[in-house]
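Okay, thanks everyone. Let me put the model up, and then I'll talk you through a few spots.

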Amino acid sequence: MSTQVRVTVIGGACQGGVHPVGQSFIVEDTTPEGFCVDAWATISPYILALRSGGNFVWAAEKGQAEIHCPDPCGIVLRPELLHDGDTR
């Protein structure tokens, strides 16, 4: 089983109307169905880093980050590494 990352929309407004605040996706091996391709292109390097054991010095907690969609008025996404048995 691969390392999973949950991506949650934590703020902003999706200009395409695709992602409401509170929506979340579990990322396993491929792009989750229904995930905006522009948002995916922005967040996928961060997901790869988290899945590889990386962390970000600006993040409030290890194993997560807050990333803004490329649209200046768009959503804020929080990828967070899930651990075995994590049901949050």
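This is a predicted model: local features need pLDDT of at least 70, side-chain atom pairs count only at pLDDT 80 or more; totals for chains, interfaces and linings use all residues.

So, a nonpolar core here is a set of buried Ala, Val, Leu, Ile, Met, Phe, Trp, Tyr and Cys residues joined through side-chain atoms within 4.5 Å; buried means under 20% relative accessible area, exposed over 50%, partly exposed in between, with a 1.4 Å probe and protein chains only. Numbering runs from 1 along each chain as its sequence is written, and side-chain values use heavy atoms, with hydrogens and water left out.

Now the core. The largest one has 19 residues, and V5, V7, F35, I43, I47 and L77 touch the most other members. β1, β2, α1 and β4 (76–81) each put in at least two residues, with α1 giving the largest share, five. Elements are DSSP runs numbered from the N terminus: helices are H or I, at least four residues, and strands are E, at least two.

Take I43: skipping neighbours within four places in sequence, I43 contacts V7, F35, I67, L77 and P79, contact being heavy atoms within 4.5 Å.

Next, is Q4 buried or exposed? Q4 counts as buried, because its relative accessibility is 17%. Q4 sits in the segment before β1 (5–11).

Last, C36, in the loop between β2 (24–27) and α1 (37–51). C36 is at 22% relative accessibility, so C36 counts as partly exposed. Its C-alpha is 8.0 Å from that of H19, 17 residues away along the chain.
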